[in-house]
Amino acid sequence: MTGTLEQMPPAELFQTLNYNQKTGTLKLNLPKGPAEVALRGGAILKAQYNQLKGKPAFFAVLGEHKGRFHFVPGLTGSEMSLPELGMFMELLMEGLRQIDEVEGA
């Protein structure tokens, strides 16, 4: 799965991966550099972007509007054993709330 964030915004992209219970790494080329988000069965395990890690990195990716993405199926054994960052919908809603607060300010 490959595309641009102009075609599929991050929130929609993550919802699609979650709904389809995808396991692998979403690699993104974004304005502030590369980003990676690891998923297991659609749940987010780790995120890295612009020197951020975890939830802050995931929230920063959600706020991007331009860039390219590519989904790479499969994870390493150590990645498969990582705990989830949190409940998917809670993470998504918190990230979108933070974006709304910043853009509304």
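What we have here is a predicted model, where local features need pLDDT of at least 70 and side-chain atom pairs count only at pLDDT 80 or more, while totals for chains, interfaces and linings use all residues. Residues are numbered from 1 along each chain as its sequence is written, and side-chain values use heavy atoms, with hydrogens and water left out.

Let's begin with the sheet. Helices (H or I, at least four residues) and strands (E, at least two) are DSSP runs, numbered from the N terminus. Two strands pair if DSSP finds at least two bridges between them. The sheet is open, with six strands in the order β1-β6-β2-β3-β4-β5 and antiparallel pairing. At its edges stand β1 (2-4) and β5 (52-53); each has a single partner strand, so one side of each is left without a neighbour in the sheet.

Now the helices. Helix α1, residues 10-19, packs on the sheet and touches β2, β3, β4 (43-49) and β6 (68-73). Its direction makes about 170 degrees with that of β2. Axes here are lines fitted to C-alpha atoms, for helices over the stretch in contact, and angles run from 0 to 180 degrees between N-to-C directions. Helix α2, residues 55-62, also packs on the sheet, touching β2, β3, β4 and β5, and its direction makes about 80 degrees with that of β4.

Please look at the hairpins next. Strands β2 (residues 24-30) and β3 (residues 33-40) run antiparallel and are joined by seven bridges, with two residues between them in the hairpin. Here L30 has G33 as its bridge partner, and N29 stands opposite P34. Moving on, β3 and β4 run antiparallel too, with six bridges, and A38 faces K46 across that pair.

E79 is buried, at 14% relative accessible area; buried means under 20%, exposed over 50%, and partly exposed in between, with a 1.4 Å probe and protein chains only. Its side chain reaches the backbone nitrogen of T76 at 3.0 Å.

Conventions:
Contact means heavy atoms within 4.5 Å. A polar contact is a pair of N or O atoms within 3.5 Å; within protein, one must be able to donate a hydrogen and the other to accept it, and residues adjacent in sequence count only if both atoms are side-chain atoms.
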